[in-house]
Amino acid sequence: MINSKNMLKRKLKENKEKLIFETIYNEHKPELVGTKRKVNKVQSNAFTLLTKKENGEIVDSWTYFDSKLVQVKNNILMYIYNGKAFIKIKIIEEN
């Protein structure tokens, strides 16, 4: 169970290939719910998820660990604004 940004950092360093990120809630783009993405790049303060744009292009979407908008609890990565999660992404650990 990943319950903090530090735990997620450690898992990304250990074996990023075993992590899948599934969007389970997106207030601004509900059509993304159910989208599963893999990690591409990992840095000390951020990582990227491979994201397919509307035109089909694959790009890196950055998530910064030091952002106060990002929280991680119970295998859920959340983007928080005004005390409310506007994006929730489930972290799936493959065996």
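This note sets out, in numbered points, what may be read from the structure shown above.

1. Basis of the model. The model is predicted, so that local features need a pLDDT of at least 70 and side-chain atom pairs count only at pLDDT 80 or more, while totals for chains, interfaces and linings use all residues. Residues are numbered from 1 along each chain as its sequence is written, and side-chain values use heavy atoms, with hydrogens and water left out.

2. Secondary structure. The chain contains one helix and seven strands. Helices (H or I, at least four residues) and strands (E, at least two) are DSSP runs, numbered from the N terminus. In sequence order the pattern is α-β-β-β-β-β-β-β. The radius of gyration of the chain is 13 Å, close to the 12 Å that the globule rule gives for 95 residues, so the chain is as compact as a globular protein of that length. This radius is taken over C-alpha atoms, and the globule rule is 2.2 Å times the number of residues to the power 0.38.

3. Overall dimensions and surface. Along the principal axes, the C-alpha atoms fill a box of roughly 30 × 30 × 25 Å. The accessible surface of the chain is about 6,100 Å², and 49% of it belongs to carbon and sulfur atoms. Accessible areas come from the Shrake-Rupley method with a 1.4 Å probe, and for residues only the protein chains shown count as cover. Of the 95 residues in the chain, 33% are buried. Here buried means under 20% relative accessible area, exposed means over 50%, and partly exposed lies in between (1.4 Å probe, protein chains only).

4. Contacts and charges. A contact means heavy atoms within 4.5 Å. Among contacts between residues at least 6 apart in sequence, 41% join residues at least 24 apart. The chain carries 19 positive and 11 negative side chains, and the centres of the two sets are 5 Å apart. Lys and Arg count as positive and Asp and Glu as negative, with His and the chain ends not counted. Each charge is placed at NZ of Lys, CZ of Arg, CG of Asp or CD of Glu.

5. The nonpolar core. A nonpolar core is a set of buried Ala, Val, Leu, Ile, Met, Phe, Trp, Tyr and Cys residues joined through side-chain atoms within 4.5 Å. The largest one has 17 residues, of which Leu8, Phe21, Phe47, Leu77 and Ile91 touch the most other members. The elements that give two or more residues to this core are α1, β1 (19-26), β3 (46-52), β5 (70-73), β6 (76-81) and β7 (84-93). Strand β7 gives the most, with four residues. Not counting residues up to four places away in sequence, Ile91 touches Ile2, Leu8, Leu19, Ile20, Phe21, Val72, Asn75, Ile76 and Leu77.

6. Two asparagines with positive phi. Most residues other than glycine have a negative phi. Asn75, in the loop between β5 and β6, has a phi near 60°, a positive value in a residue other than glycine. Asn82, in the loop between β6 and β7, has a positive phi near 55°. Asn75 is buried because its relative accessible area is 14%, whereas Asn82 is exposed, at 70%.

7. The start of the chain. Met1 is found in the segment before α1 (5-15). Met1 counts as exposed because its relative accessibility is 57%. Leaving aside neighbours within four places in sequence, Met1 is in contact with Met7, Asn74, Asn75 and Glu93.

8. Lys18 and the end of the chain. Lys18 lies in the loop between α1 and β1 and is partly exposed, at 36% relative accessibility. Lys18 and Glu93 are 75 residues apart in sequence, yet their C-alpha atoms are 5.8 Å apart in space. Beyond neighbours within four places in sequence, Lys18 is in contact with Ile92, Glu93, Glu94 and Asn95.

9. Asp60 lies in strand β4 and is partly exposed, with a relative accessible area of 25%. Apart from neighbours within four places in sequence, Asp60 is in contact with Asn40, Lys41, Thr48, Leu49 and Leu50. Ser67 is placed in the loop between β4 (58-64) and β5. Ser67 is partly exposed, with a relative accessible area of 21%.
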